[in-house]
Amino acid sequence: MKNYYFDNNATSAVAPEVTEVMLPFFTKYWGNPSSIHEFGGQVGKYVRNARAQVADLINADPSEIVFTSCGTESDNAAIRGAVEAANCNVNLITSCVEHLAVLSLCRYLSAKEKISLAEIAVDGKGNLNLDEFKRELAKGPAVVSLMWANNETGVFFPIQKIAEMVKEAGSIMHTDAVQAIGKIEVDVQKTPVDLLALSGHKLHAPKGIGAMYVRKGTKLNSLLIGGHQEKNRRGGTENVPYIVGLGKACELAKAGIEDERTRVAALRDRLEAGILASCPDTTVNGDVNNRLPNTTNISFKYIEGESILYNLSDLGIAASSGSACTSGSLETSHVIRAMGIPFTSAHGSIRFSLSRYNESEDVEHVIANMPAIVERLREMSPFVD
Amino acid sequence: MWDYTEQVMDHFRNPRNVGKIEDADGVGQVGSLACGDALKLMFNVDEDDRISEVKFQTFGCASAIASSSALTEMIVGLTIEEALKVTNKDIADYLGGLPDEKMHCSVMGREALEAAVYNYRTGTSGDKILAGTIICHCFGVTEEEIERVTRENNLKTVEDVTHFCKAGGACGICKDDIQGVIDRVMAEVKVEESPEYEKPAKKMTIVEKIRLIEKTIDEEIRPILAKDNGGIDLIDVDGNKVVISFTGMCSGCNVAHFTMEGVVQAKLRKFVQEDLVVVEEKK
Ligand SMILES: Cc1ncc(COP(=O)(O)O)c(C=O)c1O
């Protein structure tokens, strides 16, 4: 069965170009880049090249890029490193819709180090409450961690404005840009963030590689304390094949931003409009005028997400849901709850997230099959007459 | 992706007995849109008190739909008495097992069945009402329910209880209270299993049964109702049917029928006979 993949915010296909550049580093160039001998040492230049490719995607200096093992590590290294560098004499400010890589860490640090933590609310469309944010920021030196784009709804936080305010206040600004990188333009010369997290597997590199941007001069303790790799900022022998892969993926992403903005966005819009038109009682979650070009989050009232997903899966369609049942937890996703989505819609939210590999045919396949699935489940529901 | 058995996926993809029965003899609904799953069960019975037709409607995940469908297959053709013996574990077993986190779907099936039987026998609503000693406020789960799933499934940890009836699965504030119920049940089970413990004799004469019912009402039920200035009178015992009436505060109370199931019936089943059904005489 053909795989109609609409779950790119969960993970994305490894680009064939990426796999290709990685392979020689398993078979031929498997040396350690820190070695003095030529066999290992020659690998160093490929790592340097990859660092430049990553830096180029976000307009940073290569020396400001630290390779990590994933987005979660980047978020942990940035937030924890900044808090510890400030001897814990800071407030933590984040939002209630962050990925758990940020939210759980902030709660942990707040409890452990007795640091005050503010989780800024969002409105019904997922937009940040800026007044509340300003009040918290005025309370004193802070480490701020706010996401560039939300993984469930695609909604942007106004990171440009926020970073400027944080800088003005003399505080530290981290952004979880895991979902933004590769989908929209991010430029750290324009946007004054101090720290930024990105993850390979969301932009067609493999799982198990990430990077952190650290602006020159930012005080940061390291999370992995060990050898001198990454200029003492992250111990551990470099994961060369994956670093090379991430570099290539970033190069491809830079070339593909225009495609995301135009073609991918148009496919997403067609998918969304097609579903809304053919399935009654559906709503879009999140601000449709302020979100990633690849994401739509649609609620199907009176039916439950997991049963929708299994029905889609039987047709080869991969998507995901914020419903309680899919996560093994008993509550709907914290993002859906924070937005105050009415309970009639909350359990039936489905996220479709596209990528450069989606085509019109995929979108039409979903649109053609969705009404029958929805109708069948609604017929079965005690809440629909 | 859940590790669902083939039987679960089969019942999910091809659910049996979906639909409605107009003017069904028994109707029971549990769960809600807000909770994320709900089941409405409807059945008709023939002259021999056998379930002749059964239909369901479910809002929920794949395992909720599969559990509902399995339940309908299991009970059609059974007498009401036989059907009431179906436990949540039987439903899960029928499906070749459910993931731990999804056991509450099988509990929902058993609860809907009991609600429908209650409706059939009393003519009053069999829907579950949230009242009594609620322990988990997020999902509205009472102490009695937690005690019951703990006992019936031999649960040992708070996490188990959450998997079976959702209690403790949201904010988690009630986890200590749930642990308290588990500890109490485990202590009681230990006593019951000890050699000195004398189980109530299985076969009772009707007089013995009435005495035991009276004793239970006196010692176990009246003290609970008295806390709310309520009382209870035993009106009649007819086979497995116990007829009572509420007095004082309980009589006009809109949660009376919950108290009925959650307190009166639960205690009588525990101390007298497992298959007792208690109905209220309306004045
Ligand atoms: C917004 C966001 N932050 C962080 C992460 C974590 O990234 P990783 O899976 O690479 O640890 C994810 C991915 O799930 C994400 O969507």
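1. Let us start with Lys231(A), which sits in the loop between strand S8 (210-214) and helix H9 (240-278) of chain A. Please keep in mind that this is a predicted model. The phi of Lys231(A) is near 50°, a positive value in a residue other than glycine.

2. Lys114(A) is another residue to look at for its backbone. Its phi is positive, about 55°, although Lys114(A) is not a glycine. You will find Lys114(A) in the loop between helix H6 (100-113) and strand S4 (117-120) of chain A. With 73% relative accessibility, Lys114(A) counts as exposed.

3. Is Arg51(A) buried or exposed? Arg51(A) counts as buried, because its relative accessibility is 15% and the cut-off for buried is under 20%. This arginine belongs to helix H4 (residues 44-58) of chain A. Leaving aside residues up to four places away in sequence, Arg51(A) touches Pro62(A), Ile65(A), Val66(A), Phe67(A) and Glu230(A).

4. Ser35(A) lies in the loop between helix H2 (24-27) and helix H3 (38-41) of chain A. At 23% relative accessibility, Ser35(A) counts as partly exposed. Its side chain makes a polar contact of 3.4 Å with the side chain of His37(A). Not counting residues up to four places away in sequence, Ser35(A) touches Gly40(A) and Gly41(A). For a sense of distance, pick out Asn91(A): 56 residues separate Ser35(A) and Asn91(A) along the chain, and their C-alpha atoms are 42 Å apart.

5. Now to the place where the two chains meet. How many residues of chain B are in contact with chain A? There are 33 of them, and they contact 25 residues of chain A. Between them, chain B and chain A bury about 2400 Å², with 63% of that area on carbon and sulfur atoms.

6. The rule finds 2 salt bridges across the interface of chain B and chain A. In one pairing, the side chains of Asp314(A) and Arg13(B) meet in a salt bridge, at 2.6 Å from N to O. Between chain B and chain A, 10 residue pairs are in polar contact. On the side of chain B that touches chain A, the elements giving two or more residues are helix H1 (6-13), strand S1 (26-32), strand S2 (37-45), strand S3 (51-59) and helix H2 (62-75) of chain B. By class, that side of chain B has 17 nonpolar, 10 polar and 6 charged residues.

7. A last point concerns the cysteines. Searching the whole structure gives 0 disulfides over all chains. Cys105(B) counts as buried, at 1% relative accessibility. In chain A, Cys279(A) is buried too, with a relative accessible area of 1%.

Methods: Residues numbered from 1 in each chain as written. Chains lettered and ligands numbered in written order. Predicted model: local features only at pLDDT ≥ 70, side-chain atom pairs only at ≥ 80, totals over all residues. Heavy atoms only, no water. Contact = heavy atoms within 4.5 Å. Buried area = accessible area lost by both parts, 1.4 Å probe. Salt bridge = Lys/Arg side-chain N within 4 Å of Asp/Glu carboxyl O. Polar contact = N/O pair within 3.5 Å; in protein donor to acceptor, adjacent residues only side chain to side chain. Helix = DSSP H or I, 4+ residues; strand = E, 2+ residues; numbered from the N terminus. Nonpolar A, V, L, I, M, F, W, Y, C, P; charged D, E, K, R; others polar. Disulfide = S-S within 2.5 Å. Buried < 20%, exposed > 50% of the residue type's maximum accessible area, 1.4 Å probe, protein only.
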